[in-house]
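Please read the following briefing alongside the sequence and the model.

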Amino acid sequence: MTVFDYESSPASAHAPAIRTFEDRVQVVWFEGTRESHEDVVIKSVDITLKDGQSDWKAEDVSEFFDRHDLVRATQPSQEIWSLGNTIQFAEGEKAALATVVSVGGWAAASIARVEFVGDEVSTVRKLRLSPMLNRSYLVRNSTLRYVDGSVAIPAYFEMGNAFGELVRLDQAGNVVDKRRITQGRFAIQPEVVVLGPKKAVALSRNYDKDSDRLIASWTEDGGQSWGAPKLLGLPNPNSPVAATRLNDGRVLMAFNDDPTHNHTLTLAISADDGHEWERIAVLENGEGEVRYPDFAQLPDGSLLLVYSFGSKKGIRAHVLNNAWVDAQ
């Protein structure tokens, strides 16, 4: 069921992510003349249960924050020229993690923790991740929460070498640990799916122009170490994926299923922790790129899937019936 279909013409609307709360979900994305332009803002839409029943509906689109909101609250004070990928700090938390550019281009971006009082930005702090003035780290996929309350970010580095890292933060947003997920130069934007108390798989976008295979890595010790990256038998035309673990333990993934373009969005399921995959449905197969999917579980147990379509012209959201997904 399609619950949100939004086109922003002539602006670019891209990289949607889902923030989850007890009574609703919120989809956020960046929108502007083009990626990394100074007029980029973060927009949002709430998706709620209609009249308390089983039908989900989208409210009106609004502006979540802009770069000027962040500049006024950044500690220590510094300029922010553009905004990008934004995700929730952790499930149920009001804070967000935003990709911000203060100097240079997109590859010199930083990750900032944005705190709110009500709907207003109150405090902004860049995470201490890199000796290069905290630059070249970005976020894309959902965070994970450890049993001790700390939060793990599947972050990635994108200047020269490109790789994914699992960054662990305490509840105040201070970096306490970070571990390399992938080696080499071409695996970014890891989507980490928890498979057990200490087991997880990271599905990474392949940034290598000479390869069109999706990259996977596994951990058996809660993300302290990761096995050698493996090329899966699925195409990946330089695009990120979204994945989530189903109630029966299988992993559901949304990915671009065209080795030369990004016009097709396909669902696939794995019953062996992400090693082998079976395609089950094609959601999009039209004109323009369909990219940057994201999954979240809704309070009623169904799944919300969002992505950008029309070559970054709009944002679309579907609710997937849990019974249908479980039966595939």
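A residue counts as buried under 20% relative accessible area, as exposed over 50% and as partly exposed in between, with a 1.4 Å probe and protein chains only. By that criterion Phe163, at 7% relative accessibility, is buried. The model is predicted, so local features need pLDDT of at least 70 and side-chain atom pairs count only at pLDDT 80 or more, whereas totals for chains, interfaces and linings use all residues. Residues are numbered from 1 along each chain as its sequence is written, and side-chain values use heavy atoms, with hydrogens and water left out.

**Aromatic rings**

- Rings of Phe, Tyr and Trp (the six-membered ring of Trp) pair if their centres lie within 6.5 Å, and planes under 30 degrees apart count as stacked, over 60 as edge-to-face and the rest as tilted; the whole structure holds eight aromatic pairs.
- Phe64 and Phe65 make a tilted pair, with 5.0 Å from centre to centre and 45° between the planes; Phe64 is buried at 13% relative accessibility, and Phe65 is buried at 0%.
- Phe157 and Phe163 make a stacked pair, with 5.1 Å from centre to centre and 10° between the planes, and Phe157 is buried, with a relative accessible area of 10%.
- One aromatic cluster is formed by Phe4, Tyr6 and Trp29.

**Pockets**

- A pocket is an open set of points, on a 1 Å grid over the protein atoms alone, where a 1.4 Å probe fits, with protein on both sides within 12 Å along at least five of seven lines, and lining residues have an atom within 4 Å of a point.
- The largest pocket holds about 1100 Å³ of space, a volume being the space filled by probe spheres set on grid points that are joined across faces, edges and corners.
- Its lining comprises 46 residues, and Glu91, Thr143, Leu144, Arg145 and Val194 lie nearest the centre of the largest pocket; the elements that give two or more residues to this lining include β2 (12-20), β14 (161-169) and β16 (187-194).
- The lining of the largest pocket divides into 23 nonpolar, twelve polar and eleven charged residues, where Ala, Val, Leu, Ile, Met, Phe, Trp, Tyr, Cys and Pro count as nonpolar, Asp, Glu, Lys and Arg as charged, and the others, Gly among them, as polar.
- The second largest pocket has a volume of about 320 Å³ and is lined by 17 residues, with Arg19, Arg24, Gln26, Phe64 and Asp119 nearest its centre.
- β4 (41-49) and β6 (62-66) are the elements that give two or more residues to the lining of the second largest pocket, which divides into four nonpolar, five polar and eight charged residues.

**Strand pairing**

- Strands are DSSP runs (E, at least two residues) numbered from the N terminus, and two of them pair if DSSP finds at least two bridges between them.
- β4 pairs antiparallel with β3 (residues 25-32) over seven bridges, and Phe30 has Ile42 of β4 as its bridge partner.
- β4 also pairs antiparallel with β6 over four bridges, with Ser44 opposite Ser62, and with β5 (residues 56-58) over three bridges, with Thr48 opposite Lys57.
- An open sheet of four strands runs in the order β1-β26-β25-β24 with antiparallel pairing, and its edge strands, β1 (2-7) and β24, each pair on one side only.
- Within that sheet, β25 (residues 303-309) and β26 (residues 314-320) are joined by seven bridges, and Ser308 stands opposite Ile315.
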